[in-house]
Amino acid sequence: MSPKLLPPPLIGPPLPTLATPPSLFLILLLLGINHPILICLKLQIKAGDIRILANTSFLLVKRNWSSEIRLHAFKMLQHLVRLRWDELSPAEHKNFANLSIDLMSEIADPCENWALKSQTAALVAEIIRREGLNLWKEMFPSLVSLSSKGPIQAELVSMILRWLPEDITVHNEDLEGDRRRLLLRGLTESLPEILPLLYTLLETHFAAALNEAGRNQMEIAKLHAATVTATLNAINAYAEWAPLSDLADAGIINGCGFLLSAPDFRLHACEFFKLVSPRKRPIDASASKFDQATITIFQILMNISREFLYRSASNPGSIDEGEYEFVEYICENMVSLGTYNLQSIAGDSSILPLYLEQMLGFFRHFKFAIHFQSVHFWLVLMRDLMSKPKSSSHSVVSSSGSGDVENAKKKILSFVNDDFCGAILETSFPHMLKREKILPETALSLGALELWSDDFEGKGEFSQYRSRLLELIRFVSSCKPLIAAAKVSEKIDAIIKSLLVSPTQNQDLTLMDSMQLVLENIVSTVFDESNDFAKANAEVQFSLQRTFEGLLKQFLSLKWTEPALVEVLSHYLDAMGPFLKYSSDAVGSVINKLFELLTSLPIAVKDTSTFSARRARLQICTSFIRIAKTADKSILPHMKGIADTIGCLQREGCLLRGEHNLLGEAFLVMASAAGIQQQQEVLAWLLEPLSQEWTHSEWQDKYLSEPYGLVYMFSEPQVMWSSFHSVTFFEKALKRSGMKKANWNTENSSTLDSTPINPIAPHVSWMLTPLLKLLRAIHSLWSPSVRQTLPGEIQAAMIMSDVERFTLLGEGNPKVPKGSLPNVDKSKEGYAEPNESDIRNWLKGIRDSGYNVLGLSTTIGDSFFKTMDVHSVAFALMENIQSMEFRHIRQLVHSVLIPLVKHCPLDMWEIWLEKLLHPLFVHAQQALSCSWSCLLQDGRAKVPDVIEIVSGSDLKLEVMEEKILRDLTRETCSLLSVIASPLLNPGIPSLEQSGHVSRFDTSSLKSLDTFASSSMVGFLLKHGLALPTLRMCLEAFTWTDGEAVTKISSYCSVLVALSILTNHSELVEFVSRDLFSSIIQGLALESNAIISADLIALCREIFVYLCDRHPAPRQVLMSLPSITPQDLLAFEESLTKTLSPKEQKQHMKSLLMLATSNKLKALAAQKSVNIITNVSTRPRSSGNASESRVDDGEPLGLAAIM
């Protein structure tokens, strides 16, 4: 084939002759095939010869090319206009624009692809945006003329109008602020011409489509229908920002409202109302016009809603799924309108009650999707109505003044009457049923009521819905406490009566279980101190007391012994806790009832059939804790009686250790309300019996002196579970010992009497000494020399459980029932022989609680740091650190080391930090470095946690490995972040505060020793403990984990500050060269974009403060690929002209972008480029927006056309 020449150029100088035939060449160009000539040409285009791109693209949009190539060509033209328009001359601009407009005529053909027409319109719109107002004013008359030539031309004009405001509604970094403002101003000035044109196109072509369809001219009707769709899309592009009054004046609101009755266009019309409904009400003189337009929207949507609700109530079978979907969108718009603009109708007594009635109708509707949409409105409305005047940042009834707001609230509240609130509660009750607990007979009894929809997939979303519903119940209860009390009492009374008739009826048990949370939320709201129950009038107080007393008496009279019923009843009794706070006479009866229920259940633990009874017993003990919390001081007079009963049950062998622990925790909660002396007495009563067993030397020597002692323990389940319950109770005791979160101010921490005496302090030493031995024995199991000699069952128990794997993979775990009680699977005391699962649970439970006990003990202060032997602590925790799995190290850091670092007194740093932090840092740095290298190079992190896992796909193993690696990385960096926190480094001032605004006299520098006593980072540096952390700092910037970099950057910031403030030459060398280079390297990773501003700030500090003290900062910058000496000089000169850190950071950012040829991905602007895409239907709709069902006998709709 002989070479061909391209046709004469359309823009610029002649194109070069190519040896490759242009057809083949251009196809290769578009499809990205690596032909040698293409590579050269691509480099030429990339280098800036845009005329080749322009001429080539204009050729490729012609009809003799395939649709795919033409689409690529249009996108290249848009790219040129968007990003490289300034490289063309004004004459070329005009020529380019004319050529693009000519394409409109060529593309106006019924056979042309919709996407090609859309791309053509988008190209013209892009040119108009670039050229500005003059071209737009010049083109508009010709566009009006073009739109009148036929449906295809009108469709193209609508498409142009749709794409024009794209840069107003979609943020585009490529469009500067001034140009965006000019575009907005120009389009706003043109709205009086644009909006009437759009209305005319809408009206004309909708009527034409119906007429042509009536004449059976389907092909022509389709063209008109396409124009209607394009016009609606264009209208929606203005709906978000065009003044609402302008849309109303042009007839757009009424036009779109009319199309809500057209099945083929109603979803597009719904989109319009979705965009205008949340528009913010202006506060200027145009507010009245806005209100008028908003009232029109209310009336349009309410007309549709009224008709639907009537048909749905009278003849639901006549409504198909398509209409239900449509009404779901109508409801969504009604919710949005009422949430943001209810104030527009708040003063209209004819519209407001009807609107609220319709929203109640949606809330009560049996279709879950419709009900679900309305929940948000009622939640926002009730939250706003019940809020204090000053606490509401966004009010659905906001107005010009606070007095107006309160008046509007009172008016709305007058319509939200008892009937409304009662209906909301009655509708909410059945919706509290949990999906997984629905039985066939329950579903049958609910009739058509949907409790969920498959469109709302996922337990998470359904659970979130139920949480919102409970919040709504709380607001209604706060608003109408008497109604809430009456409704919940009636509902529960009906369920109990049904259960008494047939106590084995699972359906009523499910309903009873679902109402427990409802009762709990209503009672807690009604008797909440902030709800001013005590200040309510006597009549209301009396009525509420009588209602809940009656309900409580009914609970106390029940003689249920079935475990499932007992468990539910104990839930109901603890739900009454807030009521007991105001009805102390009833507390004793509730306590006696709980003990009665407890003793009514069998205690036999070897019979697996009694699992439900064990679960119910644990729930009863948990109820004691909940009542102790909520009843507050009302329960104090009953403490002795409770203690005597517990003692009696223990002596009779009727109380298991796990149950005793829960009751002991309840006792600690009670004591916390009585004062520190009572706490000390309770702790002594609970802990002294444990201390005799826990500190016994014989069991420590037998089971804790060597790793194999645990093997012996596992063969003796009583000892095994006894130690487990001891440790878990220590954890509970520490948590409930009355200490709030410690104030870890280092200045105070260093004083002897800074930490108030904790009532559990005298017990810490004897609790921790055997615990450390136990933890050391557990850690040693993972030592290779020990692990390989262990029995197979123990080795299997040490492998990660299925539950942990499911968690790492983000999958649900069907084996563990949601909401299961604590310790149900772990309290198998009395079983003959623990199995693999028991041993795994025991190991995990001891590790979890043991680490927490150590971490909580550090908050006590001197009782820990000055009485515990640091060597024994370090020996237990660090001896086998190299054998520990990553998830266990992460847990150790999180639960023990971070609290220890926070609370360690200043005068104990040298004793504690070296022994514990140095071995951790050494191992963590080596392990993380190795695993990250494997992940980045081989795609596998190769963490020790999954080595023994043989089942599962490689992909799942890779996901687990990476998740485990990232978790440990982030936790380790969190530890460094805590070490670098201001409270642990009070001696380091900010650089601006220190007076070091720029280069300064080196005589003001101090030695590192000066800061070692007032900075933990300085202390680590002085004592040589920080070297592994310095290596970690350098490597972390390459680990593609932005969260880890965010945490470690604060540590780096303190390092930089110390290098600036001290004369430590090695630290200056490290920061100036190594850290500076690593930070810049880290900016090359997109994952670090979230922390890029802080990294730039570090770069700025390093250069500004250290470039005169060390040559490395300049050397590092000069080593970047695209920098010149002149660039660096210009940068330094710009720094000298400003003392503003913000401006200096901007200069640093600009230099780094220049010096790396914009290769620093973390600094690259996250552009929302105006990519032209097809207008898609609403994502929730399974079908096309234009598709709907056409039933025989109905008038012919446009569904048959489209």
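Predicted model: local features only at pLDDT ≥ 70, side-chain atom pairs only at ≥ 80, totals over all residues.
Q: Is H25 roughly parallel or roughly antiparallel to H26?
A: The two helices pack with their axes 11 Å apart, at an angle of about 150°. Angles over 145 degrees count as roughly antiparallel. Therefore H25 and H26 are roughly antiparallel.

Q: What is the handedness of the crossing of H25 and H26?
A: Handedness goes alongside the angle of about 150° between these helices. For H25 and H26, the crossing is left-handed.

Q: Is Gln1144 buried or exposed?
A: Gln1144 sits in helix H55, which spans residues 1141–1155. Its relative accessible area is 2%, and buried means under 20%. So Gln1144 is buried.

Q: Which side chain is joined to that of Gln1144 by a polar contact of 2.9 Å?
A: Leaving out residues up to four places away in sequence, Gln1144 touches Arg1100, Val1104, Leu1135, Thr1138 and Leu1139. The side chain joined to Gln1144 by the 2.9 Å polar contact is that of Arg1100.

Q: How many helices are there in the protein?
A: Stepping back to the whole chain, 54% of the 1202 residues count as buried. Among contacts with a separation of 6 or more, 76% come from residues 24 or more positions apart. The protein has zero strands, and its number of helices is 55.

Technical notes. Residues numbered from 1 in each chain as written. Heavy atoms only, no water. Helix = DSSP H or I, 4+ residues; strand = E, 2+ residues; numbered from the N terminus. Buried < 20%, exposed > 50% of the residue type's maximum accessible area, 1.4 Å probe, protein only. Contact = heavy atoms within 4.5 Å. Polar contact = N/O pair within 3.5 Å; in protein donor to acceptor, adjacent residues only side chain to side chain. Axes fitted to C-alpha atoms, helices over the stretch in contact; angles between N-to-C directions. Parallel < 35°, antiparallel > 145°, perpendicular 65-115°, else oblique. Left-handed = near helix turned anticlockwise from the far one by under 90°.
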